[in-house]
Amino acid sequence: MAYLETVQFLFVSLYLLAQNSTSSGARDESIGIMAAASSRVNLRLHLQRVVGASITQTLSSLSAEFSLIPPPPGTPLVSHHPGRSGPATVIPVPVSESPLLTPGAPPVWFSGVPYAFGNTDSLNDSGADALVDTLEKAGEGLWAGSQLGLVTGFHTLKNSRVVFAGGVEIFGDEYANKALPDGAPSGNEKFVRDVAAWAFRETLALRIDNTTHHRVGEEAPSEKYTTNDQIVYTAHISAYDPETSSWKPYSGITDMQLEFTMLDPHIRIALPPVAGEPGKYQVQFRAPDRHGVFKFVVDWRRKGYSFLQTSTTVPLVPPRHDQYPRFLSAAWPYYAGAISTSIGFFLFSALWLAGDVEGKKKKGLKTE
């Protein structure tokens, strides 16, 4: 694992199947693997019943990073249901529904160790998805029922993918060719293909190619906007096509939203795909009547898919002194009041100045 200590990773995926490890620094190995995951390196890790002490410590440390609780050493998953011939540690497990798995997949054969999900919120924050879980009561206490996980996928904050599996046998040819108790073929082969394609970012991989914004009637983006401007925001999204190993425009998202935020979202509006233009999402909205530093924010997260996140900062300024309207239709009552008061004042002044003054005193002679 020494190659993980380099600053620049020369690979995009890591598949850890080592049964033994000669390194003595298990903690250093786990730190190196987490550094790889933080650098957008995809990981696929397998827990084993009997492995070297160093690799066991490494996987235990990694499990704690993802809030997974491994069982005590040498504790395989045991189930006697459904009834079948063969050891109780080789179990046909129903496949739970997940967007990254083929719908209607038959049960898969599993042999290995389970792990429990922790009670912290890190699972939800990391976007964990239990691909296969035990639906039958296989024991007592913590290691029983739907609290057990056998194959679990995670999305890291860097959009890399991590898969924990409780054993390597589920990915082998023996279980892929092994029939189920009812005689039907198992779903191991299809399951392995789906999980591997997802773990190595070949399916459900999305990205934002670019985003643009401008005023209505303009083409070039503006460095700043004025309150109440009509703004057009556009995003171009593509999906990875494993058949051609290329990125192609993708218009399959119907629930994406755009937020125009300043601390809190002032506007939250749907960002729909544009008909006839693959990969293009566009929306028009009116800027709020409040100036400040705003952000165009797109934050789309769905189970199994690569999350889409982008942020663009723009200032929103009040109108200039010569941009205000000269007359406001809503202010006509105030205009009428001011005009009527002025007219009344002039009429009163004219009548006062032009009218005759009555009751003049006449000088008379003094009488004796």
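The conversation below covers strands, a turn, salt bridges, a core and a surface patch.

Author: This is a predicted model, in which local features need pLDDT of at least 70 and side-chain atom pairs count only at pLDDT 80 or more, while totals for chains, interfaces and linings use all residues. Residues are numbered from 1 along each chain as its sequence is written, and side-chain values use heavy atoms, with hydrogens and water left out.

Reader: Okay, is strand β8 mostly covered or uncovered?

Author: Strand β8, residues 148–155, is mostly covered, as eight of its eight residues are buried. Buried means under 20% relative accessible area, exposed means over 50%, and partly exposed lies in between, with a 1.4 Å probe and protein chains only. Strands are DSSP runs of E with at least two residues, helices are runs of H or I with at least four, and both are numbered from the N terminus.

Reader: Which strand pairs with β8 over five bridges?

Author: Strand β9, residues 161–165, pairs with β8 in the antiparallel sense over five bridges. Two strands pair if DSSP finds at least two bridges between them. Within this pairing, Gly153 has Val163 of β9 as its bridge partner. Strand β6, residues 115–117, also runs antiparallel to β8 and is joined to it by two bridges; there, Tyr115 stands opposite Gly149.

Reader: What do β8 and β9 form?

Author: They form a hairpin with five residues between the strands, and Asn159 in the turn has a positive phi of about 70 degrees.

Reader: And is Asn159 buried or exposed?

Author: Asn159 is buried, with a relative accessible area of 10%. Its side chain reaches the backbone oxygen of Phe307 at 3.0 Å. This is a polar contact (a pair of N or O atoms within 3.5 Å; within protein, one must be able to donate a hydrogen and the other to accept it, and residues adjacent in sequence count only if both atoms are side-chain atoms).

Reader: New topic: how many salt bridges are there in the whole structure?

Author: A search of the whole structure finds ten salt bridges. A salt bridge is a side-chain nitrogen of Lys or Arg within 4 Å of a carboxyl oxygen of Asp or Glu. One of them joins the side chains of Arg302 and Asp255, at 2.9 Å from N to O.

Reader: Why does the pair of Arg302 and Asp255 tie parts together?

Author: Arg302 lies in the loop between β17 (292–300) and β18 (308–317), and Asp255 in the loop between β13 (246–249) and β14 (257–262), so the pair ties together parts that are 47 residues apart in sequence. Arg302 is partly exposed at 37% relative accessibility, and Asp255 is partly exposed at 37%.

Reader: Which residues are linked in a network of salt bridges?

Author: Arg215, Glu218 and Asp229 are linked in such a network. Within it, the side chains of Glu218 and Arg215 meet at 3.9 Å, N to O. Glu218 is partly exposed at 34% relative accessibility, and Arg215 is partly exposed at 21%.

Reader: What about the largest nonpolar core, which residues touch the most other members?

Author: The core has 25 residues, and those touching the most other members are Tyr233, Ile253, Met256, Leu258, Phe260, Leu271 and Phe296. The elements giving two or more residues to this core are β12 (230–241), β14, β16 (280–286), β17 and β18. The largest share, five residues, comes from β12. A nonpolar core is a set of buried Ala, Val, Leu, Ile, Met, Phe, Trp, Tyr and Cys residues joined through side-chain atoms within 4.5 Å.

Reader: What is the strand order in the open sheet of five strands?

Author: The order is β11-β18-β17-β14-β15, with mixed pairing. Strands β11 (225–226) and β15 (264–270) stand at the edges with a single partner strand each, so one side of each is left without a neighbour in the sheet. Two bridges join β11 to β18, and these strands run parallel; Thr226 has Val317 of β18 as its bridge partner.

Reader: Last one: which residues make the nonpolar surface patch?

Author: Ile339, Ile343 and Leu347 make a nonpolar surface patch of about 300 Å², and Ile339 is found in helix α6, residues 332–354. Patches are made of residues with over 30% relative accessible area and no salt bridge; like charges are joined within 9 Å, and nonpolar side chains (Val, Leu, Ile, Met, Phe, Trp, Tyr) within 5 Å. Accessible areas come from the Shrake-Rupley method with a 1.4 Å probe, and for residues only the protein chains shown count as cover.
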